[in-house]
Amino acid sequence: MKPSDEFYVGYQPHAPAATGRFARNVAVALLALGAAAAAALSAGQRAFAPATFEFGAERDFVGVVEVDPYPTLLVKRPGEGSGWSRYLLVAFGKHGADELVGDRAGQAVRLRGALIHQDDRTMIEVAAGSVEPVVLEALANAADLPGEETLGVFTLRGEIVDSKCHLGVMNPGVRKTHRACATLCIQGGVPPILLARDADGREARLLLVDAAGGAVNDRVLDLVADQVEITGEVRRLDDLLVLRADPETYRRLE
Amino acid sequence: MGLEYRAVGWNRQKKLYDLTLAAAVAVYLAAFVGVGLALKPNATAETLLIRAFGTAAFALLHVILSIGPLCRLSPRFLPLLYNRRHLGVTMFFLGLAHAALSIVQFHLFGDVNPLVSVFTSNAHYGDVADFPFQPLGLAALVVLFLMAATSHDFWLHNLTAPTWKALHMGVYVAYGLLVMHVALGALQAERSPLYVVLVGAGLAWVLGLHLYAAGREAARDRAGVGPAAGEEVGDGFVDVCAVDEIPDARARVVCAAGERVAIYRYGGRLAAVSSVCQHQNGPLGEGRVIDGCITCPWHGYQYVPETGESPPPFTERVPTFPVRVRDGRVQLDPRPRPAGRPAGSCSVKGAP
Ligand code: HEM
Ligand code: FES
């Protein structure tokens, strides 16, 4: 019988022969098409950044707390004269670490947390209740004091991202699909950074502060995940780059 | 006899259908996540799962939207249609998994209620390219939920058929919302042209298939009326075709007075009923007479030809139309008979 002469009734246990064969072929074709589409879509995803969140693997850190403009832990690198590392501090979820370390400015502490890092930029998600004061040995010489140097005024283009997701908690932690999340994080106190790219595609990450060196979180929300241009003074605090500019002067690029 | 048929919950065909569906979903998700883990070592599991669920739901929606027009083009696709409710419910759950993971990942653990945040955390509503895409996904999910929740025939009866059918046209609203959800979201963030090409091809396929099937249908409606198209032959009857043009147990569909009417021939008699099935508007005129009842090709609802009524205990009823035979030609009165006075049938020989 031609399929067109057959009559299919779904509640009968068997489909007519030709109709059944056709349905089976369609099912096999759809299965193959689905698998091929899934593989192609997955392979076609944009490259993922080499970013890491050591979720669940907490370690101890000892250093000096700085709270302005953003909570940071200064950790002395091993060896005399080898300088300091600056770890940005954040709390669980979409929150900054102000509540965890806000009253410890300038103090030496031990804290537990999970490392978040991409390239040379590092951050710690601080475990609540783990911050406790310690006594650090006196520093031997002046070369071992934390350093600050001004690199000059630059005009930089890039995207404002929340440092926590971008550095590794989410991947990707950039672009429009991540805007809502980045906005929430920055609103919640996570330090905003400019992911700057030059014409050759080289990237730099700069912490954003206002002209007086203060936090800018609430003033950049509207520009998150867009391409922006910022002109300001770039400073290096040990291994951390900071871009100082009034958020009013940030320019959205169309 | 209809009762035992329609009450069948779980037969071999339905099981095969659901097993195939489950296998297809599993293969799709495994392929997406597997390829992702193999080729993108830096990708996080959450991102791969969010994307696997989202794209699986969207792909399945294309299959669902294709079944209707494909069945209009060839009855061979009917086995796909019979149980398509399960496709819809499966698609909803895939979309729900994607949405729930997205909300946990992108909106939970902040200072704002996650569901509020879906609407407020990107506030560029006035901008075309920057327009927030996540509220569009949430709106689609609500529509899909309403359809999945009411997909059972229980709701078809309780909401009344017209309300139910209007609600289920919402699948097109959901599709439109999701195309925008993807176009304003993932397509802006991804770089590979594959994504734009696939979304565009999917849209072209869905639109093209619907237009093509509608065109074929309109042409068939016109042709169906026969050479003496709608010619008045007295007493309000119009000429349809020669008796022998209608095979036994089958119907001739004509478009009369703006409505499709199915004229069935069975065991030497003729009867005319509306070609629109009371269940889900299936094409009743493409059915067969089985065990003395007109049987819908979509889900097998049955109607007695002379009365248009489903055999007890069912209560569906389709309008009936008077037919008669003069000089070997079938003639139809395109005015439906009122409920209490069915049109009955006539002999193919011309006697009443
Ligand atoms: C509350 C509802 C929803 C939310 C919050 C939401 C959120 C998102 C987000 C954030 C993305 C980007 C993910 C990424 O690039 O990693 C996305 C993409 C996508 N969504 Fe949704 N979505 C919702 C509902 C839906 C529904 C119901 C469907 C389909 C039935 C869907 C289909 C897709 C597809 C196909 C993509 C592109 C692939 C991908 O990037 O995941 N979404 N959605
Ligand atoms: S439409 Fe479902 S049986 Fe006719």
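The shell around ligand 1, counting residues with a heavy atom within 4 Å of the ligand, divides into 12 nonpolar, eight polar and one charged residue. Here Ala, Val, Leu, Ile, Met, Phe, Trp, Tyr, Cys and Pro are taken as nonpolar, Asp, Glu, Lys and Arg as charged, and the others, Gly among them, as polar. This is a predicted model, where local features need pLDDT of at least 70 and side-chain atom pairs pLDDT 80 or more, while totals for chains, interfaces and linings use all residues. Residues are numbered from 1 along each chain as its sequence is written, chains are lettered from A and ligands numbered from 1 in the order written, and side-chain values use heavy atoms, leaving out hydrogens and water.

Chains A and B both contribute residues around ligand 1, so the site is shared between chains. Of the 21 residues there, B:Arg51, B:Gly54, B:His98, B:Leu178 and B:His181 come nearest. Polar contacts (pairs of N or O atoms within 3.5 Å) turn up at three of these side chains: B:Arg51 sits 3.0 Å from a ligand oxygen, B:His98 lies 2.8 Å from a ligand nitrogen, and B:His181 is 2.8 Å from a ligand nitrogen.

As for cavities, meaning sets of points on a 1 Å grid over the protein atoms alone where a 1.4 Å probe fits but cannot get out, a search of the whole structure finds two of 30 Å³ or more. Volume is the space filled by probe spheres set on the points, with points joined across faces, edges and corners. The largest cavity comes to about 60 Å³, and B:Arg51 is among its lining residues (those with an atom within 4 Å of a point).

Key:
Polar contact = N/O pair within 3.5 Å; in protein donor to acceptor, adjacent residues only side chain to side chain. 1 Å grid on protein atoms, 1.4 Å probe; cavity = no way out; pocket = protein on both sides within 12 Å on 5 of 7 lines; lining within 4 Å.
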